[in-house]
Amino acid sequence: MPPHFSSLSVSSLTRSQVLGFTALLILPLLLLATLPWQPFLIDSLQSGWLWWSYALTRMVDIPGIGVSGALLLLLTRYKLKLKLSPFIALGCALAALLASDWVLKSLIKHLTEEPRPYLIWLESQSLIPAIKHFYASSIDVRSEQVHAASQLLALPEWLGHHWQAEVNYAFPSGHSIAAISLAQFFGLIWLARAPTGVWLLPLWALGVGLSRMVMGMHWPVDVLASALLGTLTALIAARWWLHRY
């Protein structure tokens, strides 16, 4: 490892730094979850600017998550001037982090079975069957029903396709877990070793979480729970890497 890192460890991060960085990821979402306001922008579904929310979402779905993760890995290698061994370990830690998040997210979705906000709204407009019957159908049937509803609403093609592809359950948000995990994992490592630009990571992650809400994919509490889960798993992964390199 580089000589100037030899004396550094996770102890180079103070508790106040960790708590402060985590608070940037959690507190805005906590505020949203406690307000009686649902960010789903029903009246703006045909607005062109909403595409930017979709663009943020695409940064952490497949294949976007691979591109985002690779870019952050390479940027971290450049910032920290990492040699091959710690760089490979960093990549392995990131892969383990994202895999564990996916498993936890999938398990919780199966246990909670919470409907997505846009589906509740489509039901209220009588554009899909009652939610109980909707979810009792196969994924293909659900997708066809959502596609028909999006055609009737004259939604932008990208939004209709996105809704059609996301007919599973809402809680928690897989996109938000991925974004928060990336922000927390790399954020803590940058904060300990090369803090320049570190505060951009929470802003990006919160933007992803907000994008999931304004498009009707998740409730605020879904994203808040995802942030709590993502920060915890990322803290464990970042701590492991910082202790060893």
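**A tour of the aromatic pairs**

Begin by selecting tyrosine 135 and tyrosine 169, both of which are buried. The model is a predicted one. Tyrosine 135 belongs to helix α6 (residues 131–136), whereas tyrosine 169 is found in the loop between α8 (157–165) and α9, so the pair ties together parts that are 34 residues apart in sequence. With the two side chains displayed, compare the rings: their centres are 4.4 Å apart and their planes meet at 15°, an angle under 30 degrees, so tyrosine 135 and tyrosine 169 count as stacked.

Next, select phenylalanine 21 and tryptophan 199. Here the ring centres are 5.6 Å apart and the planes lie at 45°, so this pair is tilted. Phenylalanine 21 is in helix α1 (residues 15–34), and tryptophan 199 is in the loop between α9 (174–193) and α10 (200–214); the pair thus links distant parts of the chain, 178 residues apart. Phenylalanine 21 is buried, its relative accessible area being 0%, while tryptophan 199 is partly exposed at 46%.

Now display Phe40, Tyr118, Trp121 and Trp163 together; ring pairs link these residues into a cluster.

Finally, turn to two places where a charged side chain meets a ring. Select arginine 77 with phenylalanine 87: the charged end of arginine 77 sits over the ring, 4.7 Å from the centre of that ring. Then select lysine 79 with tryptophan 190, where the lysine lies over the face of the tryptophan at 4.7 Å from the ring centre.

Notes:
Residues are numbered from 1 along each chain as its sequence is written. This is a predicted model: local features need pLDDT of at least 70, side-chain atom pairs count only at pLDDT 80 or more; totals for chains, interfaces and linings use all residues. Side-chain values use heavy atoms; hydrogens and water are left out. Rings of Phe, Tyr and Trp (its six-membered ring) pair if their centres lie within 6.5 Å; planes under 30 degrees apart count as stacked, over 60 as edge-to-face and the rest as tilted. Helices (H or I, at least four residues) and strands (E, at least two) are DSSP runs, numbered from the N terminus. Buried means under 20% relative accessible area, exposed over 50%, partly exposed in between (1.4 Å probe, protein chains only). A charge sits over a ring if NZ of Lys or CZ of Arg is within 6 Å of the ring centre and within 35 degrees of the ring normal.
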